[in-house]
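Trainee: I would like to learn how to read a model like this one. Please take me through it feature by feature.

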Amino acid sequence: LVNENKANWKSALDAFSLLSETIIKKLSIFIQHLPEQFVETFVFIIAFYFALLESLKSRTWFFIYIPSTPRKTIKPIFDSATQLFEKFTKVEVVLFLTTFTQLAIGFYTLHFSSPIGLSFLISFADIMPFLGTGIILIPMAAFFILTNQPTLGVIILLLYAFILLTRQLLESF
């Protein structure tokens, strides 16, 4: 029994020694590369700052590096794509905020435990491709209906219908 106990302690000490040696090696490698990573990050931040500063003046500043013949073709396409992306982003932000507000008010009125977090989660799912508010609200309503809380389930379905109606009106507007 004593020999077995000593063997266990010896193997534990060997494992601890190996672990501490590995940690020290990885820490020393990390410390060796830290100045290099700091310089790379600093240079990236400076370059990013100046690129953003140039982009505020003109979004097409980098087209000077493209030959003039293809530039005439590519620049209008880039400008129209940028404008389309801006419109899409603005619409998505408005829809996200509208859905979030409606859900937060609805969940707060229904006395849910964390209305803002739940509203944010569902609104975020709404802006993801192929997802929407229905992927969470419909199963939630079904859960409440099946757990003998049909009033709450129907109210959630009505909230879902109201959100869909509002989204359709805002998207068409």
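Mentor: Start with helices. Helices (H or I, at least four residues) and strands (E, at least two) are DSSP runs, numbered from the N terminus. Take Phe-96 and Phe-100: they sit 4 residues apart in helix α2, so about one helical turn separates them. Now the ground rules. This is a predicted model, in which local features need pLDDT of at least 70, side-chain atom pairs count only at pLDDT 80 or more, and totals for chains, interfaces and linings use all residues. Residues are numbered from 1 along each chain as its sequence is written, and side-chain values use heavy atoms, with hydrogens and water left out.

Trainee: How do the rings of Phe-96 and Phe-100 pair?

Mentor: Rings of Phe, Tyr and Trp (its six-membered ring) pair if their centres lie within 6.5 Å. Planes under 30 degrees apart count as stacked, over 60 as edge-to-face and the rest as tilted. The whole structure holds 9 aromatic pairs. In the pair of Phe-96 and Phe-100, the centres are 6.4 Å apart and the planes meet at 10°, so this pair is stacked.

Trainee: Is Phe-96 buried or exposed?

Mentor: Buried means under 20% relative accessible area, exposed over 50%, and partly exposed in between (1.4 Å probe, protein chains only). Phe-96 has 15% relative accessibility, so Phe-96 counts as buried. Phe-96 also pairs with Phe-120: centres 5.7 Å apart, planes at 90°, so edge-to-face. That pair links distant parts of the chain, with Phe-96 in helix α2 and Phe-120 in helix α3, 24 residues apart. Phe-120 is partly exposed, at 44% relative accessible area.

Trainee: Which residues form the aromatic cluster?

Mentor: Phe-96, Phe-100, Phe-120 and Phe-124 form one cluster.

Trainee: Next, the core. Which members of the largest nonpolar core touch the most other members?

Mentor: First the idea. In soluble globular proteins, nonpolar side chains tend to be buried together. A nonpolar core is a set of buried Ala, Val, Leu, Ile, Met, Phe, Trp, Tyr and Cys residues joined through side-chain atoms within 4.5 Å. Here the largest core has 14 residues, and those touching the most other members are Leu-103, Phe-107, Phe-112, Ile-122, Leu-137, Met-140 and Ile-156. At least two core residues come from each of α2 (68–109), α3 (115–127), α4 (134–146) and α5. Helix α5 gives the largest share, 5 residues.

Trainee: Which residues does Ile-156 contact?

Mentor: Contact means heavy atoms within 4.5 Å. Set aside neighbours within four places in sequence, and Ile-156 is in contact with Leu-110, Phe-112, Leu-137, Met-140, Ala-141 and Phe-144. Ile-156 lies in helix α5. Its relative accessible area is 0%, so Ile-156 is buried.

Trainee: How many salt bridges does the whole structure have?

Mentor: A salt bridge is a side-chain nitrogen of Lys or Arg within 4 Å of a carboxyl oxygen of Asp or Glu. The search finds 5. One joins Lys-10 to Asp-14, with the closest N and O atoms 3.9 Å apart. Both residues lie in helix α1, 4 residues apart, about one turn. Lys-10 is exposed at 53% relative accessibility, and Asp-14 is partly exposed at 45%. Another joins Glu-21 and Lys-25 at 3.5 Å, N to O. These two are also in helix α1, 4 residues apart.

Trainee: What about Arg-167 and Glu-171?

Mentor: They form a salt bridge, with the closest N and O atoms 3.4 Å apart. Both lie in helix α5 (residues 150–172), 4 residues apart. Arg-167 counts as buried at 11% relative accessibility, whereas Glu-171 counts as partly exposed at 42%. Salt bridges with shared partners join Asp-126, Arg-167 and Glu-171 into one network.

Trainee: Last one. Which residues form the nonpolar surface patch?

Mentor: Patches are made of residues with over 30% relative accessible area and no salt bridge; like charges are joined within 9 Å, nonpolar side chains (Val, Leu, Ile, Met, Phe, Trp, Tyr) within 5 Å. Accessible areas come from the Shrake-Rupley method with a 1.4 Å probe; for residues, only the protein chains shown count as cover. The patch here consists of Phe-38, Val-39, Phe-42, Val-43, Ile-46, Tyr-49, Phe-50, Leu-53 and Leu-56, with about 950 Å² of accessible area together. Phe-38 lies in helix α1 (residues 2–57) and is exposed, at 58% relative accessible area.
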